[in-house]
Amino acid sequence: MKALAWRFGGLAVVAVMIALWGEIAALKLVSPVFLPAPARAWTALWQGFAHADLAAKLFGTIRHMIGGWLVASFFGVALGALVGSSKAAREYVAPTLEFLRPLPASAVIPVAIAMFGLTPQMAVGVIGFGSIWPALLASVHGFAAVEPRLLEVERALGLSRWQGIAKISLPSATPDILSGLRLGLTVSLILAVVCEMIAGLDGLGQWVLLAARAYKSADIFAGVILLGAIGFVANASLRLIEARALRWRGRRTG
Amino acid sequence: MKALKALALPAALVVLAEIGARAAAPSDSVAPPSEVAAAFVQALADGSLVTATRDTLMSAFAGLAIGASLGLMTGILLGSLNVLDRLMELPLELLRPIPSVAVIPIALVALGFGYRLEIVIVAFACFWPLLILSRAAVDGVEPRLIEVSRALRLTPLQRTVKIVAPAVLPRVFVAFRLAAGISLIVAVTVEIAVNPQGLGYEVMTAGQALRPDLMLAYVLWIGIVGFAFNAGLVFAQRRLFGQAARVEAAR
Amino acid sequence: MTAATLIAFRDVDLAFGDHLVLGKLTFEIHEGEIVCIVGPSGCGKTTALRVAAGLIAPTRGEIAFAGAPVRGPRRDVAIVFQDYSKALLPWRTAAGNVSLALEALGTPRAERPKRIAALLKRVGLPRHADKFPSQLSGGMQQRLQIARCLAQEPAALMMDEPFGALDAMTRQTLQDEMLEIARATKATIFFVTHDLEEAIYLGDRVIGLMPHPGRIGIELKIDLPRPRNQVTTRESPEFLRLRHKLYDFIHASEKGEAA
């Protein structure tokens, strides 16, 4: 009950913030070229769906984001499993991975353009490259950190190599992997937007950039709102899946 | 021995790249490591590398400073005032998922190309990790210490400065390290997407000029800068906080 | 007449690098026996258990199980670890944890629910099948581990200070339950503990190890009547006599004097 009251309080704060936004816009404290009134942004949103191809752009971004992320995550987890389970592999590979970790994935965009041109394939390549790292690194960590006692139980019970991976190592690494997948999805959204901006691919990145060039601030805000919505839904969905998959974590350990 | 093992894979990759790139020559997208190294030296010599690095780092640092300090202050505020924290939960939840690159067009219209555009975007990106992690750090301050501050009748300001701040410092530093990494990535991304300055822009121009050796040199350099930056901060963390940081960071 | 030898240590040496943990360790455990190993800290009793279980290979010497040399963990040898929370799969329910052993054995899917239910009943957890380990108390978690071990239908149970992390009341309850399981299944039990009274209470024989390197210092035959009772057995003059002897041994060992 109390939680609900706080939720309403939060909604009230949001309403107040929007009202403030409206006031600032009405008083023209900030130029309307840059800050549209909330009502105008809202209108632009619906107009975009009704009369322009905003829907197509929305789905374009979603497609780019998810397609690259799914494939990359699969390979990232699989590769991470191989590297993480083997001490020898870790010693050779981990330092290189640590070096590559801070590298911005966006830096490979020009290389990808040189290879594939300004095409959807380029975007898939870049998004895949960007989202494989969080999945790979999280997977390596998860597989390397399996409770040693459980590995002894695996030996004691006489489980085969594959049984061990499937029944013990993989479930043990799942919390880390899910966290890495969530991060990967955030990265893939960003890279999708950047690729769309640069290569003019069908998506919200292109929409907002074109709106910026035409100084249509209401359209920009409409696009940004949708991008925020995609980020929100993607993150919330994965958190839900995480919560369900990890419900065995006792309230005891907190 | 460990160092040798660590270098084995990169060394092998460099050799393979050299052979493979030479075999595939001439190409617009790949160049052998030897040519990449040559291009790197050239860019260093004629000053373009230095200028670009300076531009990127200046924007990254400025954005980091602004975003991180705003995030820190807000985080401490929310962590300390429960009412404010619960009211702001929803609004922040709605704003956080907006990707930093989505803010580019808005800033572009307002500020045009240049340093300010980049600084604003970087600040936006660095704000969130500091906010979330410093808020959590304040939340995690040993309740016993808060009781002590009440027993000593400290004012809220005194309590914040004398007890909360030192207690959260190690975790805040870890958050800062995270934000620092983000600042560099976002700065380069903004340059690749729209901004005609800095390392990202140099990579793009080299690619468009069909100079894969120069392009890859810059990509590698970006990686080195990012790695060095993070390594420097890890070193600073160990020196400043020693054991405490490792314990706190593990939480 | 003594039963057949199940586990035999013959001149077993175990060294970690330069450090000799076990030195020429030689003893036998017979079928159906409960043998308790005690000794001061660092005497190598846990290491001896792990060697017997096939988790570590000896540096020299031989361990035989039912006549055959031990080359690795065996399906018919079950290991009960002291840190039960780390030995259970936290993401599986109690039933799921027991099922793991059945899956390893290749038990047909259709048979599993019945066997799991019977095993959980045997250890006193019939109504907790769908609970996760984090929702169970320490004693219940240890019972669950025992249930999983029993699923292997083991010829021998290796128990490494299984009740050490539990409170006194729970410990006594589980001691009696373990004796009941031993009686019903006729399993051979290799029990490591630092609790001398527990060793005498449970065992048919108690072996005391001297440290540096681990070797036999004392061997006591426990002739106390079965079934044992927490109150009467522990008060009996014979129990007290054995206890006295063991305490003296440990005391002398810790001081470094030969037994």
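This is a predicted model: local features need pLDDT of at least 70, side-chain atom pairs count only at pLDDT 80 or more; totals for chains, interfaces and linings use all residues.
**Entry 1: which chains touch**

I began with the chain pairs. There are 2 pairs of chains in contact, and chains A and B share the most contacts. Chain B and chain C do not touch. I found their nearest C-alpha atoms 20 Å apart. Chain C does meet chain A, with 18 residues from chain C in contact with 18 residues of chain A.

**Entry 2: the A–B contact**

I looked up both sides of this contact. Chain A puts in 48 residues and chain B puts in 44. On the chain B side, I listed the helices that supply at least two residues each: α1 (2–24), α4 (82–95), α5 (104–111), α8 (156–193), α9 (198–208) and α10 (212–250). The largest share comes from α10(B), with 8 residues. I then sorted the chain B side by class. I got 31 nonpolar, 8 polar and 5 charged residues.

**Entry 3: the A–C contact**

Next I took the side of chain C that touches chain A. Two helices of chain C, α2 (84–87) and α3 (94–105), each supply at least two residues there. The largest share is 3 residues, from α3(C). By class, I noted 13 nonpolar, 2 polar and 3 charged residues on this side of chain C.

**Entry 4: chain B as a whole**

I counted secondary structure in chain B. It has 10 helices and 0 strands. Its C-alpha atoms fill a box of roughly 75 × 55 × 30 Å along the principal axes. Chain B has 251 residues, and 41% of them count as buried. I also checked how far apart in sequence its contacts reach. Among contacts with a separation of 6 or more, 74% join residues 24 or more positions apart.

**Entry 5: a helix pair in chain B**

At what angle do α3 (residues 48–80) and α4 of chain B pack? I read about 115°, with the axes 5 Å apart. From α3(B), the residues that meet the partner are B:Leu77, B:Leu78 and B:Gly79. From α4(B), they are B:Leu84, B:Asp85 and B:Met88. The residues of this contact divide into 4 nonpolar, 1 polar and 1 charged.

**Entry 6: the nonpolar cores**

I kept the general expectation in mind: in soluble globular proteins, nonpolar side chains tend to be buried together. The largest nonpolar core here has 134 residues. Which members touch the most others? I found A:Val194, A:Cys195 and B:Ile121. Chain B's α8 gives the most to this core, with 17 residues. I followed up A:Cys195. Leaving aside neighbours within four places in sequence, A:Cys195 is in contact with A:His64, A:Ile109, A:Met122, A:Ala123, A:Val126, A:Leu201 and A:Gly205.

**Entry 7: the domains of chain C**

Chain C is divided into two parts by the domain assignment. Domain 1 covers 5–76 + 154–255, and domain 2 covers 89–145. I found their C-alpha centres 26 Å apart. Between them, 8 residues of domain 1 are in contact with 6 residues of domain 2. The domain 1 side of this contact has 5 nonpolar, 1 polar and 2 charged residues.

**Entry 8: a helix in chain C**

I checked the span of α6(C), residues 168–185. Its 18 residues reach 26 Å from first C-alpha to last, close to the 26 Å expected at 1.5 Å a residue. After α6(C) comes C:Lys186. I noted that its phi is positive, near 55°.

**Entry 9: C:Leu209**

I ended with one residue. C:Leu209 lies in strand β9 (residues 205–210) of chain C. Why does C:Leu209 count as buried? It does so because it has 26 C-beta neighbours inside 10 Å, and the cut-off for buried is 20 or more. Beyond neighbours within four places in sequence, C:Leu209 is in contact with C:Ile37, C:Gly39, C:Cys43, C:Gly44, C:Lys45, C:Gly214, C:Arg215, C:Ile216 and C:Gly217. I also looked up C:Asp13, which is 196 residues from C:Leu209 along the chain. Their C-alpha atoms are separated by 14 Å.

Methods:
Residues are numbered from 1 along each chain as its sequence is written. Chains are lettered from A and ligands numbered from 1 in the order in which they are written. Two residues are in contact if their C-beta atoms, placed from the backbone, lie within 7 Å. Helices (H or I, at least four residues) and strands (E, at least two) are DSSP runs, numbered from the N terminus. Ala, Val, Leu, Ile, Met, Phe, Trp, Tyr, Cys and Pro count as nonpolar, Asp, Glu, Lys and Arg as charged, and the others, Gly among them, as polar. A residue is buried if 20 or more other C-beta atoms lie within 10 Å of its own, exposed if 12 or fewer, and partly exposed in between; C-beta atoms are placed from the backbone. Domain bounds come from an automatic or database domain assignment. The expected span of a helix is 1.5 Å times one less than its number of residues. Axes are lines fitted to C-alpha atoms, for helices over the stretch in contact, and angles run from 0 to 180 degrees between N-to-C directions. A nonpolar core is a set of buried Ala, Val, Leu, Ile, Met, Phe, Trp, Tyr and Cys residues joined through C-beta atoms within 7 Å.
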